[in-house]
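Please open the model in your viewer and display both chains in separate colours.

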Amino acid sequence: MLDTPQGTGDPLIIAGRVFASRLFVGTAGYPNQQVMLDAIAASGTEMATASIRRISLDGYQESLVDLLADRVRFLPNTAGCQTARDAVLTAELAREALETDWIKLEVIGDRELLYPNVEELLLATAELVAKGFIVLPYCNDDPVTCLKLAERGAATVMPLGAPIGSGLGICNPHLIELICSRSPVPVVLDAGIGTASDAALAMELGCAAVLANTAISKAHDPVRMAAAMRHAVEAGRLAFTSGRIPKRRYAQPSSPQLGLVGS
Amino acid sequence: MDGSEIRVNGKNEALASATVSELLADKGLEAEGRGVAVAVNGRIVPRVQWPQTRLVAGDAVEIVRAMKGG
């Protein structure tokens, strides 16, 4: 079911996998599990992120897999890793735990900004691609880095719009548009989304998809916000593929100029 | 870690389980299947190899699971 575009006529394809929805969502930070499940349903997403952490040896923890495995595909992440080595091990654990070759690769270089460590990110991308992973790297909004990642075999590039969880939106739309216009692989706007218009803008700039977590899970009403994001991504994509009008400095009347009354 | 211990998720403990499967059972995790993965000394141990993968003193074991994340 998930492999079938739901009548969109404009499916997203990443590494040969077809997505009808261009919205990916996170699973962290919801008030409770039911709200998360309802928000995921409202978002229309087909892929949700997960993290890999040491199991608690002290007691029962509800399994994310049991909750979601029948609803979405998982995109495990390497969040928190600071070296290529740790990220590769985490990806391998994720592959075993979730039975997927897909990995959202995060290698962090600054704990406060959660900015990527580009050097380690490039190393980890090459190593994971060689090991057969489908690598979706979270990266800077830097066209050169994005090209290098694609050259190393990344399936997408996922530039940040603003720092993770900041909700600042897309701080440098010009760079995101440049990256989109030059990237040989799909561009997924990964971080910084604050509200629906940010997601729509990402799509209007040419992004192939948007990944949102905090903007949905920490909204006052996550389920409504998930629906808003769904519509925003669809609207932004429609606008992008429709071709916007050029911007002008002065007014251009839209009504006929002949036959004005009283002239 | 002394000569009779292993390290499980960053904590030293006496080696009391002969295999990875036994360790999981001793931790009450024998029912865990989907979403769980194990590495010993930085190498993944695929689930099918848990029963025959023996643990020896000095081993560092990581037991992880998929959790919520962004």
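**The interface of chain B and chain A**

In this predicted model, the rule finds 2 salt bridges across the interface of chain B and chain A. To view one of them, select B:Glu62 and A:Arg54, whose side chains meet with an N to O distance of 2.7 Å.

On the side of chain B that touches chain A, select strand 3 (36-40), strand 4 (43-45) and strand 5 (60-68) of chain B, each of which supplies at least two residues. Strand 5 of chain B gives the largest share of that side, with 7 residues. Coloured by class, the side of chain B that touches chain A shows 13 nonpolar, 6 polar and 6 charged residues.

Finally, select the whole contact region, in which 25 residues of chain B are in contact with 28 residues of chain A. The area buried between the two chains is about 2,500 Å², and carbon and sulfur atoms give 58% of this area. Highlight B:Arg65, B:Met67 and B:Gly70: together they supply 26% of the area that chain B buries against chain A, more than any other three residues.

Conventions: Residues numbered from 1 in each chain as written. Chains lettered and ligands numbered in written order. Predicted model: local features only at pLDDT ≥ 70, side-chain atom pairs only at ≥ 80, totals over all residues. Heavy atoms only, no water. Contact = heavy atoms within 4.5 Å. Buried area = accessible area lost by both parts, 1.4 Å probe. Salt bridge = Lys/Arg side-chain N within 4 Å of Asp/Glu carboxyl O. Helix = DSSP H or I, 4+ residues; strand = E, 2+ residues; numbered from the N terminus. Nonpolar A, V, L, I, M, F, W, Y, C, P; charged D, E, K, R; others polar.
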